[in-house]
Each structure stands twice: as C-alpha cells, then as structure tokens.
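Please look over the chain shown here.

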Amino acid sequence: MALITNLNALLEELDYSNKTPGQQAQIDALIEVSSELIEKYCNRHFLLDTYIDEKHNGNNKNSLFLDNIPIVSIDLITIEASGGLGADTDFDGSYFKFDTSDGEIQWDNNYLLQNAVVDWIGHFPQGFNNILVTYDGGFTEVPKPIEFACADLVKQGFSPEMGFGNLEFEKLGQYFYKLRKEQIDKALLTHRKILQMYKLYRV
C-alpha cells in the first residue's frame with residue numbers, strides 16, 4: 001500500500017501536476033517501491049486492513065504477538081488439530097484480550113471455564129503454524145514521520161544525482177529499477193532513527 005496520502009503537499013517540489021504522464025507514472029511507481037522498502041525495513045504493514053488466517057506457532061504459553069499493529073479487533077482464532085488428528089477448534093474474539101500497541105494477545109480468564117472439553121484451553125498448544133488469527137490491525141492514517149520518510153525516498157530516487165529509481169531487478173507495471181543497492185540502503189539509513197521507532201522486532 002502506498003505510504004503517501006497527500007501527494008501534492010509532500011511532493012510539491014517535484015511539481016507532480018505539471019509532469020508529463022510518463023513522469024507521473026514514474027513517480028507513482030517510485031512511491032510504491034519506496035513504500036514497499038519501508039514496510040520491509042520495518043517488518044510490518046502500516047495501514048489498517050483485515051488479516052485473514054495469519055499463522056503463528058503455538059508456544060504452550062498464554063500469549064503470542066500478532067504482526068500488524070496497532071490491533072483494532074480480533075475476529076477469530078483457530079487452533080489446528082495436532083498432526084491432522086481430530087478437528088480444528090474455532091474461538092471468536094471474545095475469548096481473548098489484546099494490547100493494542102504491541103500486538104500481544106492473551107486468553108481472557110473470564111472465558112476460560114466456558115469450554116472445559118478442550119484440555120489445553122488457556123494456552124496456545126505447541127505446534128508449527130497451528131494458530132490461525134483473523135483480525136483487524138494497522139493505522140487508520142499513515143504516521144506522519146513515515147509519510148515524510150517515504151516522500152523523501154521518492155524525491156531522492158527521482159533526482160538526477162541519484163539516477164531514476166534505485167532498486168535492483170524490481171518491476172512495477174512497465175518500469176524496471178536496476179540501480180545500485182548501496183544507494184537505496186544509504187537513503188534508508190538517512191531515516192533510520194524514524195524507521196526504528198516503528199520497526200517490529202520479533203523473536
């Protein structure tokens with residue numbers, strides 16, 4: 001998803017509205033490339049979306065961390081049957097509480113006694129990708145520091161000094177970007193203090 005919502009204001013010095021259609025298409029593509037680079041660097045998506053069946057490893061603990069924060073709501077969690085034996089078990093979001101800011105979800109003790117049939121209720125049973133979570137997460141608006149960082153990457157990428165584009169073997173529509181990787185890394189490092197504030201570190 002593009003991380004620039006106010007294109008005219010943030011890219012004013014590029015004079016976007018007076019560019020040729022071809023140049024505008026190049027800038028649009030650079031916005032997509034820059035947005036993708038920032039999200040990869042930060043290990044997250046920023047804008048609010050619904051994530052269906054996001055997979056997590058069960059850890060025999062009461063909690064786990066979702067990938068796309070801030071968490072807005074939890075719709076459904078499915079615990080897959082171990083080794084393909086038995087049936088998968090679905091729980092609606094009311095069985096869980098969550099920390100909006102860091103993405104941690106936990107069983108809600110108020111609901112633990114409602115299903116005594118499942119002997120592991122209250123923790124996420126050990127397994128590989130056996131926990132499927134459907135939830136809404138992300139910002140309703142792109143954080144301003146991220147939007148400014150993305151706009152700066154676009155302006156650097158479009159500048160003659162840097163050469164148009166700056167990504168190796170990346171295709172967006174009809175455009176290929178095949179320039180020096182060290183330059184885009186340098187551009188990202190320019191904003192490392194901002195980006196690290198939003199970067200997710202998961203063990």
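The sections below move from the overall fold to charged side chains, strands and contacts across the chain.

## Overall fold

This is a predicted model. The protein has 203 residues, and 47% of them are buried. Its secondary structure comes to five helices and nine strands.

Along the sequence, the elements run α-α-β-β-β-β-β-β-β-α-β-β-α-α.

The structure contains two salt bridges. One of them joins Lys40 to Glu36, with the closest N and O atoms 3.0 Å apart. That separation falls inside the cut-off, because a salt bridge needs the side-chain nitrogen within 4 Å of a carboxyl oxygen.

Both partners sit in helix α2, which covers residues 21-42. Lys40 and Glu36 are four residues apart there, about one turn of the helix. Lys40 counts as exposed, because its relative accessibility is 54% and the exposed class begins over 50%. Glu36 has a relative accessible area of 30%, so this residue is partly exposed.

Glu147 is buried, at 2%. The reason for the two labels is the scale: buried means under 20%, and partly exposed lies between that and 50%.

## A negative patch

Which residues gather in a patch of negative charge on the surface? The members are Asp53, Glu80, Asp88 and Asp90.

Asp53 is part of strand β1, residues 49-58. Its relative accessibility is 38%, so Asp53 counts as partly exposed. That value also meets the patch criterion, because patch residues need over 30% relative accessible area. Asp90, another patch member, belongs to the uncovered face of strand β4.

Strand β4 spans residues 89-92. Thr89 and Phe91 make up its covered face. Asp90 and Asp92 make up the uncovered one. Why do the two faces alternate along a strand? In a regular strand, side chains point in turn to the two faces of the sheet.

Strand β3, residues 71-79, pairs with β4. The pairing is antiparallel and runs over four bridges. Ile77 stands opposite Phe91 of β4.

## Contacts across the sequence

Phe128 lies in strand β7, residues 127-137. This residue is exposed, with a relative accessible area of 68%. Phe128 and Ser82 are 46 residues apart in sequence, and their C-alpha atoms are 9.5 Å apart in space.

Ala187 is located in helix α4, residues 181-190. Ala187 has a relative accessible area of 2%, so it is buried. How far is Ala187 from Leu153, C-alpha to C-alpha? The two atoms are separated by 6.6 Å, although the residues are 34 apart along the chain.

Methods. Residues numbered from 1 in each chain as written. Predicted model: local features only at pLDDT ≥ 70, side-chain atom pairs only at ≥ 80, totals over all residues. Heavy atoms only, no water. Helix = DSSP H or I, 4+ residues; strand = E, 2+ residues; numbered from the N terminus. Buried < 20%, exposed > 50% of the residue type's maximum accessible area, 1.4 Å probe, protein only. Patch = residues over 30% accessible without salt bridge, like charges linked within 9 Å, V, L, I, M, F, W, Y side chains within 5 Å. Areas by Shrake-Rupley, 256 points an atom, 1.4 Å probe, with all protein chains shown as cover. Lys, Arg positive; Asp, Glu negative; His and termini not counted. Charge placed at Lys NZ, Arg CZ, Asp CG, Glu CD. Pairing = 2+ DSSP bridges.
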